[in-house]
Amino acid sequence: MKVTKREEEYLETMYLLHRDRGIIRVKDIAKSLRVKPPSVVDALKKLSEKGLVKYEKYDRILLTDEGLKIAKETYSKHQLLTEFFVDILGIPPEIAEEDACQFEHYVHPMTVERIREFAAFIQEQCPYVLKQFLKERLGGETTDP
């Protein structure tokens with residue numbers, strides 16, 4: 001089944017809301033994604049038709065097993081990319097977070113695994129080189145374009 005970037009964003013948001021608050025509400029999804037509640041309802045209907053959420057108007061919203069799997073995979077990519085951008089490349093956290101949000105939807109699983117392997121390798125085998133790289137980058141760069 002093909003899931004769009006936007007659908008992944010909805011699933012990831014619902015996963016985080018459930019994890020952090022124990023409940024998923026339309027108004028919280030709307031606030032998190034900066035959209036209007038009717039847009040959330042439309043998305044929930046589509047996700048429900050795909051079998052990724054259980055949603056009935058005025059009832060609770062639940063991720064199905066498949067929806068939860070996609071949400072966790074998306075969030076895992078997001079975390080990995082954010083950490084890679086910050087810890088390996090020395091990107092400021094707010095920029096890393098924003099970039100990870102975009103990259104997570106387009107990066108191939110093989111690329112994710114190679115980033116994970118490379119980050120572990122460089123941190124374990126070359127910690128001095130990494131520290132030197134980051135020191136030079138963070139000491140001499142500004143984030144202004």
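Trainee: At roughly what angle do the axes of α2 and α3 cross?
Mentor: First, a word on the ground rules: this is a predicted model, where local features need pLDDT of at least 70, side-chain atom pairs count only at pLDDT 80 or more, and totals for chains, interfaces and linings use all residues. Residues are numbered from 1 along each chain as its sequence is written, and side-chain values use heavy atoms, leaving out hydrogens and water. Axes are lines fitted to C-alpha atoms, for helices over the stretch in contact, with angles from 0 to 180 degrees between N-to-C directions. The axes of α2 and α3 come within 9 Å, and they cross at roughly 105 degrees.

Trainee: Which class do the residues of the contact of α2 with α3 belong to?
Mentor: Contact means heavy atoms within 4.5 Å. Here Val26, Ile29 and Ala30 in α2 meet Pro37, Val40, Val41 and Leu44 in α3. Ala, Val, Leu, Ile, Met, Phe, Trp, Tyr, Cys and Pro count as nonpolar, Asp, Glu, Lys and Arg as charged, and the others, Gly among them, as polar. With no polar and no charged residues, the contact of α2 with α3 has seven that are nonpolar.

Trainee: How are α1 and α4 arranged, given their angle of about 90 degrees?
Mentor: The axes of α1 and α4 are 8 Å apart. Angles of 65 to 115 degrees count as roughly perpendicular. So α1 is, relative to α4, roughly perpendicular.

Trainee: How many charged residues are in the contact of α1 with α4?
Mentor: On the α1 side, the residues include Glu8, Glu12 and Arg19, while Lys72 is one of those in α4. By class, the contact of α1 with α4 has seven nonpolar residues, three polar and, for charged, four.

Methods
Helices (H or I, at least four residues) and strands (E, at least two) are DSSP runs, numbered from the N terminus. Angles under 35 degrees count as roughly parallel, over 145 as roughly antiparallel, 65 to 115 as roughly perpendicular and the rest as oblique.
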